[in-house]
Amino acid sequence: MTINIIAGDITTAISDTIVNAANSLMLGGGGVDGAIHRAAGPALLKACYEVPEINGIRCPVGEARITEAGELNAKYIIHTVGPMYYGHKNPALALENAYRHSLQLAISHQCQSIAFPAISCGIYRYPPAQAATIAISVCNEAAFKQLDISFYLFDQSLVSIWQQALAETEQ
Ligand code: AR6
């Protein structure tokens, strides 16, 4: 297993699966969600509409859903919904679940590589250092050892924070 930390745009990733930080409706949005939908094209939106919905919810917070990847260099997009940091009663557990369910879906679809953004660290305002610790610790679980995991992080401050969290697990 490898964990790579990359400064850059996740829509440029070449990976079996790319994770989207979506919202529960799963029909696109701002941030990385908007970027992924723009780069993937209309096939991704169509695939999202086909995901079963209950009362406007296709993917509850902390869960994950898988679709095709449209024009992106991936077999699949895994859509997960992180918590809004302010307002969720247990944001740490919800973020942990978002990572774990994404990794489990990747494995159950025979993926060898997976690319993540910093789930919840934008519009949902999760403190990045805490998010990084959770992200790295779930990725290090024994069940995911066979995966090559990459984090695509947009700004340099997040890259340093993720590198620090990774270094702490290697000590
Ligand atoms: N590649 C990699 N990282 C990116 C990219 C990109 N192209 N674009 C933004 N980021 P956010 P959230 C970073 O807000 O906090 C959407 O509207 C960004 O700088 O995209 O989970 C959804 O529909 C930040 O570090 O996701 C939801 O409503 C990180 O990705 C809501 O936002 C996550 O920021 C989800 O909020």
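I'll start with Ser102, which is found in helix H3, residues 91-108. Keep in mind that this is a predicted model. Is Ser102 buried or exposed? Ser102 is buried, because its relative accessible area is 0%, and buried here means under 20%.

What does Ser102 touch? Leaving aside neighbours within four places in sequence, Ser102 is in contact with Val19, Ala64, Ile78, Thr80, Ile114 and Phe116.

Next, Thr169, whose place is in helix H5, residues 156-170. Thr169 has a relative accessible area of 39%, so it counts as partly exposed. Its side chain reaches the backbone oxygen of Leu166 at 2.7 Å. Beyond the neighbours within four places in sequence, Thr169 is in contact with Ile136 and Asn140. For Asn140, the separation along the chain is 29 residues, while the C-alpha atoms of Thr169 and Asn140 are 8.6 Å apart.

Now to helix H2, residues 42-49. Which of its residues are buried? They are Leu44, Ala47 and Cys48. These three cover an arc of only 100° around the axis, and therefore they sit on the same side of H2. The other side of H2 has Pro42, Lys46 and Tyr49, which are exposed. As for what lies over the buried residues, the cover includes helix H1 (31-40), strand E3 (64-68) and strand E4 (76-80).

The largest pocket has a volume of about 530 Å³. It is lined by 27 residues, and those closest to its centre are Ala21, Gly31, Val32, Ala118 and Gly122. Which element gives the largest share of that lining? That is H1, with four residues. H1 and strand E6 (148-153) each supply at least two residues of the lining.

How does the lining divide by residue type? It has 15 nonpolar residues, nine polar and three charged.

To recap the two side chains: Ser102 is buried, and Thr169 is partly exposed.

Notes: Residues are numbered from 1 along each chain as its sequence is written. This is a predicted model: local features need pLDDT of at least 70, side-chain atom pairs count only at pLDDT 80 or more; totals for chains, interfaces and linings use all residues. Side-chain values use heavy atoms; hydrogens and water are left out. Buried means under 20% relative accessible area, exposed over 50%, partly exposed in between (1.4 Å probe, protein chains only). The arc is that of the directions from the helix axis to the C-beta atoms. Contact means heavy atoms within 4.5 Å. On a 1 Å grid over the protein atoms alone, a cavity is a set of points where a 1.4 Å probe fits but cannot get out, and a pocket is an open set with protein on both sides within 12 Å along at least five of seven lines; lining residues have an atom within 4 Å of a point. Grid points are joined across faces, edges and corners, and a volume is the space filled by probe spheres set on the points. Ala, Val, Leu, Ile, Met, Phe, Trp, Tyr, Cys and Pro count as nonpolar, Asp, Glu, Lys and Arg as charged, and the others, Gly among them, as polar. A polar contact is a pair of N or O atoms within 3.5 Å; within protein, one must be able to donate a hydrogen and the other to accept it, and residues adjacent in sequence count only if both atoms are side-chain atoms.
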